[in-house]
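Keep the sequence and the 3D view open as you read.

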Amino acid sequence: MATPSVAATLWGMTLRDANIDRLRSGLFDVLVIGAGINGAVSSAALAGRGASVAMVDRGDFGSFTSQESSNLVWGGFKYLEHYELPLVFGLCRSRNRLMKAYPDNIKEISFLAALDRNAPFPPWFAAIGAVAYWMIGLFGTKPPKLYDVERVKSEEPVIETSGLRGGVQYQDAYLIDNDSRFVFSFVRSAIEAGACVANYVELVAAERVDDRWVARLRNLDSGEEFTTSARTIVNAGGPFVDEINSDWGLRTEHRIVYSKGIHLVVPRLTTNRHDRVLAFFDDTQRLFYVIPMGRRSVIGTTDTRVDTPFTAVDTDDRRFLLDQINARLDLDSPLTVDDVIAERSGVRPLVVKRDGDDRKHVDWTSLSRKHEIERDDDLNVVTIFGGKLTDCLNVGEEVAREIERLGIPLEKDLANWYGEPAGATRAEFFRQAKLMKLDRLRVKPETEPLSDRLWRRYGRRAFDLLEAIRADPTMGEDIMGSADYLRAELHNAAEHEMIVKLDDFMRRRSKIDLVVADDDIRNSPGLHEVAEILFGAEADRRLTEYFAEKPRIA
Ligand SMILES: Cc1cc2nc3c(=O)[nH]c(=O)nc-3n(C[C@H](O)[C@H](O)[C@H](O)COP(=O)(O)OP(=O)(O)OC[C@H]3O[C@@H](n4cnc5c(N)ncnc54)[C@H](O)[C@@H]3O)c2cc1C
C-alpha cells in the first residue's frame, strides 16, 4: 500500500488551507468571484502582471459551465449563417492564437460535415462558406475540401450515405484533454504568479466600506465564515453574474439569458485512423457533432432556451440525440441508453441588452455568442458577460485593461501568463524522458506514449514526475487499470492541484469520469489507493461522498 501523500501538505497544511489563511483578513488589489474559464483567465492575467489577486469559487475550479463544453476551440463556422463576420473573425484569431500558444494541448482537427436532405444548403454552397471561413481565419489551418458521396464513405465508413448529397471538410481545433483541465492550467498559472485562490469558498455578501470591498466568504468544506478585502472586484460568475451584481445593487447595461446544451459520451464511433469531428444537421436544421475524446465519442450538442442555470440531461434530450445520430450513422446496431457512458449538461450564458426584449429573437439560436465586459467606476466592479473558452485570452486582456482603468497599476503585458513552456524546455523534457526510457513503462499499447501524455498534462511540472519515477520506479506504475494514470501523477495532483473532493480529480483534473463506465470505476483495484494518495486518512469518507454524489444515467 502506498504511503498516504503527506506531500499533499505544506508544512502540515494543504495549499488550499494556506490560501484560506491568506484570504482571511487579507487586502487584495482584485477579488475574482468565480473560477470558470473567465475567472481563471482573469486571475492569471492580473497576477501575471503584478496585481495581488484573490479568487474564490463555491464549487471546484471549472466545475460549472466550463466543464460542460464541446471542448472545441473554434471560430464558429456556423455563426456565418447569421452573418456574424466580426465575431467569427475574432474567434478565428483567438483560435489561431491558442493553437500557437498550446501546441500540445490544442490541436487542429478536421470537421467532416455530411450534408443530407435535411441540410439547409447543398454541398457546393457549404464549400464556398468553408473557403470564406478559411480566409476569415487568415489561412491559419489546412484548406477545406469538397467531397462527393463516395469520398465521404471512404473517408468515414460509419456515415450513412443513403440520402447524402455530399460533404465538406473544414478545419478547426480542439482540446485534447478536458475543458476543466484547461481552466485549471490558468488557475495554476495564477497560483504560480502569487494569486491566492480557493475552491469551495462562496461569496456570501460584499459591501463597499470606504475605498474597498469587504467580502464575507464561506468555506463550504468546513462551514467556517470569514472576511477578506479588496480594492476591486471582478464578477466572473458566469450564469450567476446578474444575481451577484443585484446583491450589491449594481445595474448593468447587459444581462444573461440561458441556452441549455447537452452531450452524450459513448464508445468510439468513428474509425481510429485519425481524430476527426463529424458534423450533421439535425431534423431542426441545427448542426450537431460527433467529437473524439480518446477512446470515446461525444455526441452533441443541443440548444434549448431555459430559465434556470441548473440543468440535467432528461429523457427527451437523450432520446433526441440518440435518434438523430442513429439516423445518420451506419452502425451494426443502433445506439441505446445502455451505450451512454457519461452525460454532460450546461447552459451557455448568452448576453443580451438589459433594456432589449430577447423575445424578439424568434430564432433563439441566432443570439450572439460574443462576450461583453462592463466596468462600474462608482463601485469598482468589472463584470464579464458570456464568452467562450476559445476567446479566453482576449477576456484576460480586456479584464486587465478595465482593472487598470480602475486605478490598479499593472506591469507591462509580456504575454507570459499563458501558453506552454518554450520549445527548448520541451526538447529537454523529451530528451530526459528518452534517456530514462519512459515510454517503455507504458502497459497499454493502444494509448499514447507516456512522454507525450506527461508533457501535455503537466508542462514544466513533468520534470518533477521524471525525477519521482527515477527515484522510485513504483511511481511509474499504472495505478487504475481502467484509466491512464501513473502513481507519480496522483502524488503530483495531491500536492499541486488543490483537490478537495474525489470528483475534482475524477471529473476535472482528469476525465476518468467521462470516459470510464461507472462499474469499471467501482471495480477498479487502484481506486482506493487513489483516494489514499489524495486524502490520506479521509480516503474512505471521500470515496463514500463521491459515489453518493455521482450522477446516474436514468
Ligand atoms: C453545451 C455547451 C457547449 C459549449 N461548447 C463550447 C466550445 O466547444 N468551445 C467554446 O469555446 N465554448 C463553448 N461553450 C461556452 C463556454 O463553455 C462558456 O461560455 C464558458 O465556460 C463560461 O465560463 P464562465 O467562466 O463565464 O462560467 P462558469 O464556468 O459557469 O464559471 C462561473 C463560476 O462562478 C462560480 N460562482 C457563481 N456564484 C458564486 C459565488 N457567489 N461565490 C463563488 N463562486 C461563485 C460558479 O461556481 C462557477 O464555477 C459551451 C457551453 C455550453 C453550455
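**Around the ligand**

The strand that gives the most to the shell around the ligand is β16, with 4 residues. Before going on, note that this is a predicted model, in which local features need pLDDT of at least 70 and side-chain atom pairs count only at pLDDT 80 or more, while totals for chains, interfaces and linings use all residues. Residues are numbered from 1 along each chain as its sequence is written, and side-chain values use heavy atoms, with hydrogens and water left out.

A residue is near a molecule or strand if one of its heavy atoms lies within 4 Å of it. Of the 36 residues around the ligand, Asp-57, Thr-65, Ser-66, Leu-72 and Gly-387 come nearest. By class, the shell has 14 nonpolar, 16 polar and 6 charged residues; here Ala, Val, Leu, Ile, Met, Phe, Trp, Tyr, Cys and Pro count as nonpolar, Asp, Glu, Lys and Arg as charged, and the others, Gly among them, as polar.

Which atoms meet the ligand? A backbone N or O atom of Leu-72 lies 2.7 Å from a ligand nitrogen. For Arg-58, a backbone N or O atom is 3.1 Å from a nitrogen atom of the ligand, and for Ile-37 such an atom is 3.2 Å from a ligand oxygen. Taken alone, the ligand exposes 1000 Å², and the protein buries 97% of that. (Accessible areas come from the Shrake-Rupley method with a 1.4 Å probe; for residues, only the protein chains shown count as cover.)

A charge sits over a ring if NZ of Lys or CZ of Arg is within 6 Å of the ring centre and within 35 degrees of the ring normal. The charged end of Arg-542 likewise sits over the ring of Phe-535, 5.9 Å from its centre.

**Buried charges**

Where is Lys-511? Lys-511 lies in the loop between α14 (502-509) and α15 (512-515). Lys-511 counts as buried because its relative accessible area is 18%, and buried means under 20%, exposed over 50% and partly exposed in between (1.4 Å probe, protein chains only). The side chains of Lys-511 and Asp-177 are joined by a polar contact of 3.5 Å. Such a contact is a pair of N or O atoms within 3.5 Å; within protein, one must be able to donate a hydrogen and the other to accept it, and residues adjacent in sequence count only if both atoms are side-chain atoms.

Now find Arg-181 in helix α6 (residues 179-192). Arg-181 is buried too, at 11% relative accessible area, and its side chain reaches the backbone oxygen of Arg-509 at 2.9 Å.

**Backbone details**

Most residues other than glycine have a negative phi, and most peptide bonds are trans. Gln-285, which is not a glycine, has a positive phi of about 65 degrees. Gln-285 sits in the loop between β12 (276-281) and β13 (287-293). Finally, look for the cis peptide bond joining Gly-300 and Thr-301, where omega is about 10 degrees.

Definitions and conventions
Helix = DSSP H or I, 4+ residues; strand = E, 2+ residues; numbered from the N terminus.
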